[in-house]
Amino acid sequence: MPDTESRTATAHPMDPRRGESLSPMFQAFLCWLLELPPVTEPAITGVALAGDSVLAATDVDPLFNAHLGSLGDFERNIRGWGEACGADAATVEGLVTKLRSAGRT
């Protein structure tokens with residue numbers, strides 16, 4: 001009988017474990033965005049936006065010192081990854097919205 005945890009661990013169509021060509025930071029970002037256990041180190045623990053920059057806090061550095069890239073690049077990457085994984089448009093737009101609201105209360 002297959003292990004239930006391993007079947008559900010990759011249930012999300014955008015699970016970063018499904019892509020071998022993703023950069024480690026984009027994998028870490030996807031784990032944070034999808035609320036999955038981290039698959040890379042350091043793990044991202046939070047994301048904030050500063051202008052057009054996406055900044056991350058990690059389990060190694062709790063301050064938002066890791067510059068991940070531009071907001072526009074991350075939106076394009078999320079949409080491209082979602083399309084490649086066959087995720088529905090509502091899921092992809094929900095993740096983009098989550099990114100755009102990062103760090104806001």
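User: Why is cysteine 31 counted as buried?

Analyst: Good place to start! In this predicted model, cysteine 31 has 3% relative accessibility. Buried means under 20%, so cysteine 31 counts as buried.

User: What makes cysteine 85 buried or exposed?

Analyst: The cut-off of 20% applies here too. Cysteine 85 has 13% relative accessibility, so it counts as buried.

User: Why is helix H2 called mostly covered?

Analyst: H2 spans residues 24-34, and nine of its eleven residues are buried. Among them are Phe26, Ala28, Cys31 and Trp32.

User: What covers the buried residues of H2?

Analyst: The cover includes strands E1 (44-50) and E3 (66-70), together with helices H3 (71-85) and H4 (89-100).

User: What makes H2 parallel or perpendicular to H3?

Analyst: Look at how their axes cross: the angle is roughly 80°, and the axes come within 12 Å. Angles of 65 to 115 degrees count as roughly perpendicular, so H2 is roughly perpendicular to H3.

User: Which residues make that contact?

Analyst: From H2 come Phe26, Phe29, Leu30 and Leu33, and they meet Phe74, Asn77, Ile78 and Trp81 of H3. By class, seven residues of this contact are nonpolar, one is polar and none is charged.

User: And what follows H2?

Analyst: Glutamate 35 does, and its phi is positive, near 60°.

Note on methods:
Residues are numbered from 1 along each chain as its sequence is written. This is a predicted model: local features need pLDDT of at least 70, side-chain atom pairs count only at pLDDT 80 or more; totals for chains, interfaces and linings use all residues. Side-chain values use heavy atoms; hydrogens and water are left out. Buried means under 20% relative accessible area, exposed over 50%, partly exposed in between (1.4 Å probe, protein chains only). Helices (H or I, at least four residues) and strands (E, at least two) are DSSP runs, numbered from the N terminus. Contact means heavy atoms within 4.5 Å. Axes are lines fitted to C-alpha atoms, for helices over the stretch in contact, and angles run from 0 to 180 degrees between N-to-C directions. Angles under 35 degrees count as roughly parallel, over 145 as roughly antiparallel, 65 to 115 as roughly perpendicular and the rest as oblique. Ala, Val, Leu, Ile, Met, Phe, Trp, Tyr, Cys and Pro count as nonpolar, Asp, Glu, Lys and Arg as charged, and the others, Gly among them, as polar.
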